[in-house]
Amino acid sequence: MVLIDERELPRVPYQGMNMVHERELKILNRLYAALEEGQEESVIDELLDEFLRDVEEHFSYEEDLMRKSHFFAYECHHGEHNRVREELRAVKERWQKNRDIKELKDYFEKVFKPWISEHILTMDTVTAQWIARIMGGIGVL
Ligand SMILES: [Fe+2]
Ligand SMILES: [Fe+2]
């Protein structure tokens, strides 16, 4: 079972962001599969770290685009990324303390999955529209 099917992932009008989201989805689904299979803790540790590194790259990439394009709602979007950075730090700490696969799986199913779709449909979409307009829909900032 995958956590999020690729076809369910909302698309935004800036291709670079879609590519970053697709990459993250693949890593997230691999992590989720390992949780479902009840893989060893060391395997989950590695996949969780890979996912957390990818989230940081994803958020930093968008923040860089927003700064370069002088996005009007930078503070709002950046603030939401920071909130999730903190949340994920706490999730990792809980996992290291409790080693509870169900708790970690529940977080991805009940919190992260609905969050990422909602975030892409709202803040990421508005950001992508702004960037696409500035870029004339082509090229790389
Ligand atoms: Fe995003
Ligand atoms: Fe975002």
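## Val-126

Val-126 is partly exposed, because 16 other C-beta atoms lie within 10 Å of its own, and a residue needs 20 or more to count as buried. Keep in mind that this is a predicted model. Val-126 sits in helix 4.

Along the chain, Val-126 and Pro-13 are 113 residues apart, yet their C-alpha atoms are separated by 9.1 Å.

## Overall layout

So what does the secondary structure come to? There are 4 helices and 0 strands, and the elements run α-α-α-α from the N terminus on. The radius of gyration is 16 Å, close to the 14 Å that the globule rule gives for 141 residues, so the protein is as compact as a globular protein of that length.

Taken along the principal axes, the C-alpha atoms fill a box of roughly 50 × 30 × 20 Å. As for contacts between residues at least 6 apart in sequence, 70% of them join residues at least 24 apart.

## Helix 1 against helix 4

Two packed helices are described by the angle between their axes and the distance between the axes. Here helix 1 (residues 15-37) and helix 4 (residues 101-135) pack at about 170 degrees, with their axes 11 Å apart. That angle makes helix 1 roughly antiparallel to helix 4, because anything over 145 degrees counts that way.

Who makes the contact? From helix 1 come Met-17, His-21, Tyr-32 and Leu-35, and from helix 4 come Ile-101, Leu-104, Lys-105, Phe-108, Ile-120, Asp-124 and Ala-128. Sorted by type, the contact residues are 8 nonpolar, 1 polar and 2 charged.

In soluble globular proteins, nonpolar side chains tend to be buried together. In this model the largest nonpolar core has 11 residues: Leu-3, Leu-28, Leu-31, Tyr-32, Leu-35, Leu-48, Phe-51, Leu-104, Phe-108, Phe-112 and Ile-116. Helix 1, helix 2 (41-68) and helix 4 each supply at least two residues of this core. Apart from that core lies another, of 8 residues, including Val-12, Met-17, Leu-65 and Ala-128.

Leu-35 is worth a look, as it turns up in the largest core and also in the contact of helix 1 with helix 4. Which residues does Leu-35 touch, leaving aside its neighbours within four places in sequence? They are Ile-44, Ile-101, Leu-104 and Lys-105. In the other core, Met-17 and Ala-128 are likewise part of the contact between helix 1 and helix 4.

Note on methods: Residues are numbered from 1 along each chain as its sequence is written. Chains are lettered from A and ligands numbered from 1 in the order in which they are written. This is a predicted model: local features need pLDDT of at least 70, side-chain atom pairs count only at pLDDT 80 or more; totals for chains, interfaces and linings use all residues. Axes are lines fitted to C-alpha atoms, for helices over the stretch in contact, and angles run from 0 to 180 degrees between N-to-C directions. Angles under 35 degrees count as roughly parallel, over 145 as roughly antiparallel, 65 to 115 as roughly perpendicular and the rest as oblique. Two residues are in contact if their C-beta atoms, placed from the backbone, lie within 7 Å. Ala, Val, Leu, Ile, Met, Phe, Trp, Tyr, Cys and Pro count as nonpolar, Asp, Glu, Lys and Arg as charged, and the others, Gly among them, as polar. The radius of gyration is taken over C-alpha atoms; the globule rule is 2.2 Å times the number of residues to the power 0.38. A nonpolar core is a set of buried Ala, Val, Leu, Ile, Met, Phe, Trp, Tyr and Cys residues joined through C-beta atoms within 7 Å. A residue is buried if 20 or more other C-beta atoms lie within 10 Å of its own, exposed if 12 or fewer, and partly exposed in between; C-beta atoms are placed from the backbone.
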